[in-house]
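The sequence and the model are shown here.

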Amino acid sequence: KSAAKKLPFSSPVKIVINPFEGYASGYGIKNSKGVGYVIVGPHKEPSNDQVILHEYLHIIFADWFKSKKGRKFISSLLEGPLKNKWQLAKRPWYDKKEIIAEEYFLRVLTLPFLPKKLKPDFLKEQNSQGFKNLVVVSNWLSKNSTRPGLSLSRWD
């Protein structure tokens, strides 16, 4: 809910609960009408709400990642804090370094929306998945942004 108030959404987004997914994993879908869907399984832990936000962010940034600005940003990320480090998060479904860089970026964007008490567990979980440089990427983004917050003006 806090993300919906602070982030721009180019099209309506709906959250659909998937009762057959018990691991709180999620994925985004765009239909022909441009509506984004986030599908996530049932879960009992509030820390898993970050999965919904993460998939939500995929929908928001999908077109930007394909744009010239987005590609320039991802290249900067791979030449900067992820240089020779992106391989740690490689998975069959993350088959390109650019996809891993996008995943890093979206996971960093999740951090400000997590309650303070959940951040250490989130970082520990991401570390176990091979995303060991989230704090480094977050700091890099803060230093390389010309406006405070989540600005990406340097890549405009």
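## Helices α2 and α3

Helices α2 and α3 are roughly perpendicular to each other (angles under 35 degrees count as roughly parallel, over 145 as roughly antiparallel, 65 to 115 as roughly perpendicular and the rest as oblique). The axes of α2 (residues 49-66) and α3 (residues 68-79) cross at roughly 90 degrees and come within 4 Å. Axes here are lines fitted to C-alpha atoms, for helices over the stretch in contact, with angles from 0 to 180 degrees between N-to-C directions. On the α2 side the meeting residues are W64, F65 and K66, and on the α3 side they are K68, K69, G70, R71, F73 and I74; contact means heavy atoms within 4.5 Å. Sorted by class, this contact has 4 nonpolar, 1 polar and 4 charged residues. Ala, Val, Leu, Ile, Met, Phe, Trp, Tyr, Cys and Pro count as nonpolar, Asp, Glu, Lys and Arg as charged, and the others, Gly among them, as polar.

G70 lies in α3 and counts as buried, at 0% relative accessibility. Buried means under 20% relative accessible area, exposed over 50%, and partly exposed in between, with a 1.4 Å probe and protein chains only. Not counting residues up to four places away in sequence, G70 touches W64 and F65. G70 and E102 are 32 residues apart in sequence, and their C-alpha atoms are 9.4 Å apart in space.

## Basis of the model

This is a predicted model, in which local features need pLDDT of at least 70 and side-chain atom pairs count only at pLDDT 80 or more, while totals for chains, interfaces and linings use all residues. Residues are numbered from 1 along each chain as its sequence is written, and side-chain values use heavy atoms, with hydrogens and water left out.

## Overall layout

The protein chain has 6 helices and 3 strands, and from the N terminus on its elements run α-β-β-β-α-α-α-α-α. Helices (H or I, at least four residues) and strands (E, at least two) are DSSP runs, numbered from the N terminus. Of the 156 residues in the protein chain, 44% are buried. Among contacts between residues at least 6 apart in sequence, 54% join residues at least 24 apart.

## Helices α3 and α4

The axes of α3 and α4 come within 9 Å and cross at roughly 90 degrees. That makes α3 roughly perpendicular to α4. The contact is made by F73, I74, L77 and L78 of α3 together with K97, E98, A101, E102 and F105 of α4. Its classes are 6 nonpolar, no polar and 3 charged residues.

I100 is also found in α4 and is buried, with a relative accessible area of 0%. Leaving out residues up to four places away in sequence, I100 touches W86, A89, K90, Y94 and F131. The C-alpha atoms of I100 and Q87 are separated by 8.3 Å, with the two residues 13 apart along the chain.

## The nonpolar core

The largest nonpolar core has 37 residues, and those with the most contacts inside it are F61, F73, L77, L82, Y104 and F105. A nonpolar core is a set of buried Ala, Val, Leu, Ile, Met, Phe, Trp, Tyr and Cys residues joined through side-chain atoms within 4.5 Å. At least two residues of this core come from each of β3 (36-40), α2, α3, α4 (97-110) and α6 (134-144). Helix α2 gives the most, with 10 residues. In soluble globular proteins, nonpolar side chains tend to be buried together.

## H54 in helix α2

H54 has its place in α2 and is buried, with a relative accessible area of 8%. The side chain of H54 makes polar contacts with the side chains of H58, at 3.1 Å, and E103, at 2.9 Å. A polar contact is a pair of N or O atoms within 3.5 Å; within protein, one must be able to donate a hydrogen and the other to accept it, and residues adjacent in sequence count only if both atoms are side-chain atoms. Leaving aside neighbours within four places in sequence, H54 is in contact with E103, L106, R107 and T110.

## Two exposed residues

N84 sits in the loop between α3 and α4 and is exposed, with a relative accessible area of 62%. Phi of N84 is near 60 degrees, a positive value in a residue other than glycine. Most residues other than glycine have a negative phi.

S128 is found in helix α5 (residues 119-128) and counts as exposed, at 54% relative accessibility. The C-alpha atoms of S128 and A89 are separated by 9.3 Å, and the two residues are 39 apart along the chain.
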